[in-house]
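Please look over the sequence and the model shown below before turning to the notes.

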Amino acid sequence: MEELKGEYEKLNNIQIEFKPNTFENALRKANQDFANKTGLYDIVLQYNFSLSSFVRNDYIFDINDLTKNFSNDQKNFESDLFSNAWQEVGYYYKNPSNILEGTTKVGYPFAANTMLLVYNKEMFENLDNKVAYTKKYNEELAIPRNWKQFRSIADFFTNPEKQTFGVCMQGAADGWLYYEYCNFLFGMGGTVFDKQRGWNGDVNTPLKINSEEALNATRFYKSLKPFNAGNFITTDATEQIKLLKNGNIAMGIVWSDFLYSFVYDDSGSTDNRFDFAPIPGQKSPLAGGSFYINKQSRNAREAVKYVMNLMQKPNQIELTKKGLCSPLKSTYDDPEVQKIPYISALKSSLDRGVYMFEAGPESDLVSQTLTNYLQQLWDDKVTVEQALLRAEKDIIEGRIEIYKALK
């Protein structure tokens, strides 16, 4: 966005000031500004797990209130957004205390993220590997289309003597384990809650993490341990990419917003050893965040006007060429954008994207609880049944207290 601001400032005779921070500091400073009603920030970029807090505390504008006097031409990009992604990261209840009143737009998405399968082409295309795999599994070595094939490939490439591994998984706290685990859970027919969006639900929404589908998915998840590279408990996205780049791991499930640095070095050269595909199955997760307009902003109209300018296709193309996972569908049709190695897989994943991650008031509770018990499961401290039963109990009890505090 820094690259685009100079021209916009000249054309509109305004000055735009960015305040870059680490994620933790940005969230802390935004929350302080909102709570103190100081209006230091006109636009706040945050992820969808902030939706509930921002709207319930009346911190941000309803986008409809800010854009009603803008022309249709200025708002045409709305019909070009990945609708599922927008509804996941930029919508919320009109009235959080009465969820029957429907939903409204509270932010435009600054990114539409998902997770992709990254695989080592050199390992997959090696002729000896192809022959050996076909002999062992009676099928061609290819991109896994389902989870059974994913496990077979992970098994095949794991060879302690050669120091090769089938997969590198994210087992670190702070969301990394939770987000990756949900790919397996949802991909095998399970779900966390019985609902349509991450921010949906209330204290009575059915919890499904102890279902037969969840038990089977979690058994599968644990079964990958013998094929995994790295120290599971400390592996986050950055460490995962570092390990994958060593060249001795066949596959990883990687966040889309990390792919640009995974593929391109500082000089712009491309690492051609890897290729990309949607994760096995028919579903991909949706994540990302939105531009939220501060209700205490003294420049709210100019702020939303600037955001709407960023959402226009030419600007989205330029940002995507720098690594953005654009929420605008037509961006992915641009010839220059299509040269990016992962772009086709990214678009396919966003097209089929669904809710997988919590974004309601209990989102931290769910993420931290599942992470705790799944890490214990990985270390053989609990069984699959114990892990999910205890997680279910803790989430049900914790959710009651969270919703009590909201009344």
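Are F150 and F184 buried or exposed? Both F150 and F184 are buried, where buried means under 20% relative accessible area, exposed over 50% and partly exposed in between, with a 1.4 Å probe and protein chains only. The model is predicted, so local features need pLDDT of at least 70 and side-chain atom pairs count only at pLDDT 80 or more, while totals for chains, interfaces and linings use all residues. Residues are numbered from 1 along each chain as its sequence is written, and side-chain values use heavy atoms, with hydrogens and water left out.

**Aromatic pairs**

- The whole structure holds 43 aromatic pairs; rings of Phe, Tyr and Trp (its six-membered ring) pair if their centres lie within 6.5 Å, and planes under 30 degrees apart count as stacked, over 60 as edge-to-face and the rest as tilted.
- F150 and F184 form an edge-to-face pair, because their ring centres are 6.1 Å apart and their planes stand at 70 degrees.
- This pair links distant parts of the chain, with F150 in helix α9 (residues 147-157) and F184 in helix α10 (residues 176-187), 34 residues apart; helices (H or I, at least four residues) and strands (E, at least two) are DSSP runs, numbered from the N terminus.
- F262 and F276 are also edge-to-face, since their ring centres are 6.4 Å apart and their planes are at 80 degrees.
- F262 belongs to helix α13 (residues 259-263) and F276 to strand β8 (residues 274-278), so their pair ties together parts 14 residues apart in sequence.
- F262 is buried at a relative accessible area of 1%, and F276 is buried at 8%.
- A cluster linked by ring pairs contains W147, F150, Y181, F184, F220, Y221, F232 and W378.

**A three-stranded sheet**

- Three strands form an open sheet in the order β1-β10-β4, with antiparallel pairing; two strands pair if DSSP finds at least two bridges between them.
- The edge strands, β1 and β4 (108-113), each pair on one side only.
- Five bridges join β4 to the antiparallel strand β10 (residues 287-293), and A111 has G289 in β10 as its bridge partner.

**Residue Q46**

- Q46 lies in strand β1 (residues 43-47) and counts as buried, because its relative accessibility is 2%.
- Beyond its neighbours within four places in sequence, Q46 is in contact with F23, A26, L27, F54, F110, G289, S290 and Y292, contact meaning heavy atoms within 4.5 Å.
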